[in-house]
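Me: I'd like to go through this model with you before I set anything up. Could you take my questions as they come?

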Amino acid sequence: MRVKKGSERIAAMALMNKCIDYACRGQPFSIISASYLENLENHIFVEAYKIENVREAISGLSFCF
């Protein structure tokens with residue numbers, strides 16, 4: 001997934017924190033993991049069962065495209 005340049009670490013952590021928050025509320029996302037590589041700019045890796053799950057999870061995050 002594309003993110004703003006320089007915010008790869010923040011984007012991955014924010015996405016996983018959002019997933020944890022929703023799981024505590026009883027509305028879990030089907031996201032398995034979110035990670036980034038320091039040498040790969042503008043991208044993070046999101047592992048999920050379906051692309052719709054990723055789209056639902058990144059809605060509202062300002063640095064994700």
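Me: What does the accessible surface of the chain come to, and what percentage of it belongs to carbon and sulfur atoms?

Reply: Bearing in mind that this is a predicted model, the accessible surface of the chain is about 4,500 Å², and carbon and sulfur atoms account for 52% of it.

Me: And how many of the 65 residues are buried, as a percentage?

Reply: Buried residues come to 29% of the 65 in the chain.

Me: OK, what's the secondary structure?

Reply: There are two helices and two strands, and along the sequence they follow the pattern α-β-β-α. The radius of gyration is 11 Å, close to the 11 Å that the globule rule gives for 65 residues, so the chain is as compact as a globular protein of that length. Along its principal axes, the C-alpha trace spans about 35 × 20 × 15 Å.

Me: Which residues of helix H2 are buried?

Reply: In H2, which covers residues 51–58, the buried residues are Asn53, Val54, Ala57 and Ile58. They lie on the same side of H2, because the arc they cover around the axis is only 120°.

Me: What do they pack against?

Reply: The buried residues of H2 pack against helix H1 (8–24) and also against both strand E1 (31–35) and strand E2 (45–48).

Me: Which residue follows H2 with a positive phi?

Reply: That is Gly60, with a phi near 95°.

Me: Switching to charges, how far apart are the mean positions of the positive and negative ones?

Reply: The chain has 8 positive and 7 negative charges, and their mean positions are 5 Å apart.

Methods. Residues are numbered from 1 along each chain as its sequence is written. This is a predicted model: local features need pLDDT of at least 70, side-chain atom pairs count only at pLDDT 80 or more; totals for chains, interfaces and linings use all residues. Side-chain values use heavy atoms; hydrogens and water are left out. Helices (H or I, at least four residues) and strands (E, at least two) are DSSP runs, numbered from the N terminus. The radius of gyration is taken over C-alpha atoms; the globule rule is 2.2 Å times the number of residues to the power 0.38. Buried means under 20% relative accessible area, exposed over 50%, partly exposed in between (1.4 Å probe, protein chains only). Accessible areas come from the Shrake-Rupley method with a 1.4 Å probe; for residues, only the protein chains shown count as cover. Lys and Arg count as positive and Asp and Glu as negative; His and the chain ends are not counted. The place of a charge is taken as NZ of Lys, CZ of Arg, CG of Asp or CD of Glu. The arc is that of the directions from the helix axis to the C-beta atoms. Contact means heavy atoms within 4.5 Å.
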